[in-house]
Amino acid sequence: VGKKVQAIYLWWHKPVIDKELLQSLPNLKVIANSGVGMDHLDLNLIASFGVKMANAPRAVSSATADTGMALLLASARRLVEVHNISISPSMDYCEADILGVKVAGATLGIIGMGSIGYKIALRAKAFEMNILYHNRTQRKGQEEQAVGATYCKKMDSLLQQADFVMLVVSLTPQTHKLIGKRELELMKPTATLINISRGAVVDQEALVAALQTGVIGAAALDVTSPEPLPRDHPLLKLKNIIITPHLGIKTDKATYMITEEAVENILAALNGLPLPSEVLPS
């Protein structure tokens, strides 16, 4: 049926798009991805076959922003730890020294202020947080004022000031291991690192060392490299970390909206119309 296939809808990186598959589909016009991140695709290879590509930024931004804030709050108030205490057979009272971190009035540093990062800022404003952000380009003044965000041209400045650092960047050669030993050491010893982008944006060996030695206070990760981590990975043995299995977009409504957005892009490509969410190779 290779000659009949004109569109591919990718769900959770399946099917794998390689040269062999592209050669077997001579009439392929479009590949629609179920999410924003395109790091699993060779965009230049796909474009060389004359195939258009689209992602689903509108559908995923709110759900992913919710995940980011959920991780921030869960880490700050040690929810996983106290949940385990609460259901323990030996539980008779809550230890007085199980203290969380106050969120209201704390400083959130957002690295990557695209559509998801901006929605995180909107949520953080409602929690009365001070917001810093670092991005390739500065947002318009009106957009900054709407969420009370301050632009940091240098990422180092953000890392030094933030109580919570949220990673919301795409995985590219430039952002691979963006947060390593040097960057972690710039953070406050009480700070929390939250990653909802891609696991490879963080140097995980450096993160393990930082969490073990008190270089930073805690981490909350929705993404790791690989996914899932090997069961003997040292990150899984730490108490000052929360790890979730890439939940970013996983809500009932977001899943439905992703499919709708993909179908919209596919129909546009098949009818020779501009793709609403086209992604071009760099």
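View 1. Helices here are DSSP runs of H or I with at least four residues, strands are runs of E with at least two, and both are numbered from the N terminus. This is a predicted model in which local features need pLDDT of at least 70, side-chain atom pairs count only at pLDDT 80 or more, and totals for chains, interfaces and linings use all residues. Residues are numbered from 1 along each chain as its sequence is written, and side-chain values use heavy atoms, leaving out hydrogens and water.

**View 2. Helix α10 has a buried side and a face turned away from it.** Ala254, Ile258, Glu261, Ala262, Asn265, Ile266, Ala268 and Ala269 are buried (under 20% relative accessible area; exposed is over 50%, partly exposed in between, with a 1.4 Å probe and protein chains only). They cover an arc of only 160° around the axis, which puts them on the same side of α10; the arc is that of the directions from the helix axis to the C-beta atoms. The face turned away carries the exposed residues Asp252, Lys253 and Tyr256.

**View 3. Tyr9 and Trp11 form an edge-to-face pair.** Their ring centres are 6.2 Å apart and their planes lie at 65°. Rings of Phe, Tyr and Trp (its six-membered ring) pair if their centres lie within 6.5 Å; planes under 30 degrees apart count as stacked, over 60 as edge-to-face and the rest as tilted. Tyr9 is partly exposed at 29%, and Trp11 is partly exposed at 38%.
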